[in-house]
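This briefing is intended for reading alongside the sequence and the coordinates. It begins with the chain as a whole and then turns to individual elements and residues.

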Amino acid sequence: MDKFDKLTGIAAPMPMINIDTDMIIPKQFLKTIKRSGLGVNLFDEMRYDDDGEEIPDFVLNQDAYREAEILVAGDNFGCGSSREHAPWAIKDFGIKCVIAPSFADIFFNNCFKNGILPIPLPQEQVDILMKDAEKGSNARISVDLDAQTITSSDGEVFSFDVDPFKKHCLMNGLDDIGLTMEKSASIDVFEKQAAQARPWV
């Protein structure tokens, strides 16, 4: 998993509430167990018409936001079913940070396990960042995980809270496998002792 420290990038505004995981990645794309390749189907039903053509009005189809790395969204982002494909699709598209007033718990935790930083902020602060994002690709928002701050393109700074353990994992690029591998020496010792104590196993 990539390390997350500081990010300065284009922010795409999606001022919708209750964006659920089926909107993020519809069920027909859940057949794969690979984390890559889902970005093209992110927000598929809002992004494409029945003929597979891009819907020009959708934010990620607009030239200013095709390279967005930050998403500013409405309340209760990631609600619905607990599909892990949702953060996979977001990450594969290139979005590394989602800012919203609130998140569904399972989606929120899945983000950290997939290298995405979800940041809950008060509605009034999200509104400011939403307007900032609406300026287009010339307006860059900066996120500093170490300092736990977000800086708008106008220089306005907002602080955010993050669980220390989740912060440690993101800053060091540690998913569940990475955390386990940090203990590899201890695991080797345990397995050697177990093999000696129970050679018949």
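The accessible surface of the protein chain comes to about 10700 Å², and carbon and sulfur atoms account for 50% of this surface; accessible areas come from the Shrake-Rupley method with a 1.4 Å probe, and for residues only the protein chains shown count as cover. The model is predicted, so local features need pLDDT of at least 70 and side-chain atom pairs count only at pLDDT 80 or more, whereas totals for chains, interfaces and linings use all residues. Residues are numbered from 1 along each chain as its sequence is written, and side-chain values use heavy atoms, with hydrogens and water left out.

**Overall architecture**

- The protein chain contains eight helices and seven strands; helices (H or I, at least four residues) and strands (E, at least two) are DSSP runs, numbered from the N terminus.
- The C-alpha trace of the protein chain spans about 65 × 45 × 25 Å along its principal axes.
- Of the 201 residues in the protein chain, 44% are buried; buried means under 20% relative accessible area, exposed over 50%, and partly exposed in between (1.4 Å probe, protein chains only).
- Among contacts (heavy atoms within 4.5 Å) between residues at least 6 apart in sequence, 66% join residues at least 24 apart.

**Charge**

- The protein chain carries 20 positive and 34 negative side chains, where Lys and Arg count as positive and Asp and Glu as negative, and His and the chain ends are not counted.
- The centres of the two sets lie 8 Å apart, the place of a charge being taken as NZ of Lys, CZ of Arg, CG of Asp or CD of Glu.
- D49, D50, D51 and E53 form a negative surface patch. Patches are made of residues with over 30% relative accessible area and no salt bridge, with like charges joined within 9 Å and nonpolar side chains (Val, Leu, Ile, Met, Phe, Trp, Tyr) within 5 Å; a salt bridge is a side-chain nitrogen of Lys or Arg within 4 Å of a carboxyl oxygen of Asp or Glu.
- D50 lies in the loop between helix 2 (44-47) and strand 2 (70-73), and D50 counts as exposed because its relative accessibility is 84%.

**Helix 4**

- F107, N110, C111 and F112 are buried in helix 4 (residues 105-113).
- The cover over these buried residues includes helix 1 (21-24), helix 3 (85-93), strand 4 (117-120) and helix 6 (164-171).
- G115, which follows helix 4, has a positive phi near 80°.

- I141, in strand 5 (residues 140-144), counts as buried because its relative accessibility is 1%.
- Beyond its neighbours within four places in sequence, I141 is in contact with residues including L7, I70, L129 and I150.
- I141 and L7 are separated by 134 residues in sequence, yet their C-alpha atoms are 8.1 Å apart.
- T149 belongs to strand 6 (residues 149-151) and counts as buried because its relative accessibility is 17%.
- Leaving out residues up to four places away in sequence, T149 touches S142, V143, D144, V157, F158, S159 and F160.

- Most residues other than glycine have a negative phi.
- N18, which is not a glycine, has a positive phi of about 55°; N18 sits in the loop between strand 1 (6-14) and helix 1.
- N18 counts as partly exposed because its relative accessibility is 37%.
- Q148, also not a glycine, has a positive phi of about 55° and is found in the loop between strand 5 and strand 6.
- Q148 is buried because its relative accessible area is 18%.
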